[in-house]
Amino acid sequence: MNVSVEGVSYSVQDKRLIDSILLHVRKGELVGLIGPNGSGKSTLLKNIYRVLQPDSGRISIDGQNLHSISHRETARQIAVVSQEAPVAFDFFVKDMVMMGRNPHKKWYQPDSGEDLRLVEQALERVGMLQDAGRSFSTLSGGEKQRVLIARALAQQAKFLILDEPTNHLDIKHQLQIMDLVKGLNITSLAALHDLNIAACYCDRLVVMKDGKVIVTGPPEEILKPELLFTIFEVATEVVRHPITGKPSITFLPEMSGMENISPKDWTSGGSHD
Ligand SMILES: Nc1ncnc2c1ncn2[C@@H]1O[C@H](COP(=O)(O)OP(=O)(O)OP(=O)(O)O)[C@@H](O)[C@H]1O
């Protein structure tokens with residue numbers, strides 16, 4: 001699925017939270033949305049998954065205006081995995097995943113054999129089938145995220161939105177979740193805080209600051225000390241990692257500016273999409 005966000009703005013009262021956002025996610029890409037706290041990442045994602053209604057602009061999936069299709073159809077096409085949040089009611093793991101089938105069914109329709117097969121297959125894919133009968137609230141943070149990804153798989157969504165999916169997870173589970181997401185090969189847009197994880201897994205990055213998209217491009221073009229200093233106001237050293245071949249960022253705390261960092265090739269930054 002190709003996703004386009006063109007000129008999308010959203011305000012609360014007189015405060016513009018996101019301003020004239022332009023971004024594209026191409027079929028099969030994993031695009032990382034990065035930016036400081038409060039830069040508008042979650043607000044943008046909520047506009048895309050229709051929890052919020054943009055003031056202006058257009059969001060389209062495969063060329064079709066998202067606001068011209070029903071919420072039910074949107075729910076078939078777009079799945080959301082957000083950071084681990086407490087759930088109001090406890091459910092069995094298999095029932096959480098079965099919720100992914102809801103947009104495909106009428107409210108009175110019982111679960112079909114096909115629904116059960118898809119739920120089982122999704123749990124198998126995330127390595128949680130043996131936990132199908134457990135209650136969701138007893139799972140660890142990483143296990144919960146895997147179940148939420150299984151729900152997205154059962155939903156058979158063509159576009160996956162992830163809002164800080166690895167928040168609160170230890171490093172092993174952060175990598176496990178990102179490996180899983182990457183391996184799905186579903187068109188995905190993920191708000192991420194960890195820049196090294198973004199560098200390792202994302203095909204392209206979209207950088208936000210103060211409600212605006214500042215620049216987009218492949219990680220190796222975006223993740224350069226000068227840009228990182230402008231966006232995050234921290235000094236960094238960035239090298240190409242000898243094993244992964246991806247940019248590897250070391251943050252340099254307590255440094256007052258850029259003067260102690262040997263400027264590498266900072267000139268060829270990313271481009272606006
Ligand atoms: N309903 C609201 N009313 C007023 N301001 C809001 C509202 N929702 C969000 N904001 C403000 O909009 C800005 C963007 O918030 P948002 O949550 O989108 O940022 P973010 O980039 O996702 O941040 P973080 O990285 O901290 O999760 C913040 O300054 C936030 O306080």
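**Exercise 1. Describe how helix 5 packs on helix 6.**

Solution. The model is predicted; local features need pLDDT of at least 70, side-chain atom pairs count only at pLDDT 80 or more, and totals for chains, interfaces and linings use all residues. Residues are numbered from 1 along each chain as its sequence is written.

Step 1: get the geometry. Helix 5 and helix 6 pack at an angle of about 10°, with their axes 10 Å apart. Helices here are DSSP runs (H or I, at least four residues), strands are runs of E (at least two), and both are numbered from the N terminus. Axes are lines fitted to C-alpha atoms, for helices over the stretch in contact, and angles run from 0 to 180 degrees between N-to-C directions.

Step 2: classify the angle. Helix 5 is therefore roughly parallel to helix 6. The classes are roughly parallel under 35 degrees, roughly antiparallel over 145, roughly perpendicular from 65 to 115, and oblique for the rest.

Step 3: list the contact. Helix 5 brings Gly142, Gln145, Arg146 and Ile149, and helix 6 brings His173, Gln176, Ile177, Leu180 and Val181. Contact means that the C-beta atoms of two residues, placed from the backbone, lie within 7 Å.

Step 4: sort by class. The contact of helix 5 with helix 6 has four nonpolar, four polar and one charged residues. Nonpolar covers Ala, Val, Leu, Ile, Met, Phe, Trp, Tyr, Cys and Pro; charged covers Asp, Glu, Lys and Arg; polar covers the others, Gly among them.

**Exercise 2. Repeat the analysis for helix 4 and helix 5.**

Solution. Step 1: the axes of helix 4 (residues 113-125) and helix 5 (residues 141-154) come within 8 Å and cross at roughly 140°.

Step 1: helix 4 and helix 5 are therefore oblique to each other.

Step 2: the crossing of helix 4 past helix 5 is right-handed. In the convention used, right-handed has the near helix turned clockwise from the far one by less than a right angle, and left-handed has it turned anticlockwise.

Step 3: from helix 4 the contact takes Leu118, Val119, Ala122, Leu123 and Arg125; from helix 5 it takes Ala150, Leu153 and Ala154. Seven residues of this contact are nonpolar, none is polar and one is charged.

**Exercise 3. Characterise the shell around the ligand, then Gly38.**

Solution. Step 1: the shell holds Val12, Lys15, Leu17, Gly35, Asn37, Gly38, Ser39, Gly40, Lys41, Ser42 and Thr43. A residue is near the molecule if its C-beta atom, placed from the backbone, lies within 6 Å of it.

Step 1: Helix 1 gives the most, with three. By class, the shell has two nonpolar, seven polar and two charged residues.

Step 2: Gly38 lies in the loop between strand 3 (30-34) and helix 1. Gly38 is partly exposed, with 13 other C-beta atoms within 10 Å. Gly38 and Lys209 are 171 residues apart in sequence, yet 8.1 Å apart C-alpha to C-alpha.

**Exercise 4. Which phi values do Arg50 and Asn185 have, and where do these residues lie?**

Solution. Step 1: phi of Arg50 is near 70°, positive in a residue other than glycine. Arg50 is in the loop between helix 1 and strand 4 (56-61). Arg50 counts as partly exposed, with 17 C-beta neighbours inside 10 Å.

Step 1: Asn185, not a glycine either, has a positive phi of about 60°. Its loop runs between helix 6 (171-184) and strand 8 (187-191). Asn185 is exposed, with 11 other C-beta atoms within 10 Å.

Conventions
Buried ≥ 20, exposed ≤ 12 C-beta atoms within 10 Å, placed from the backbone.
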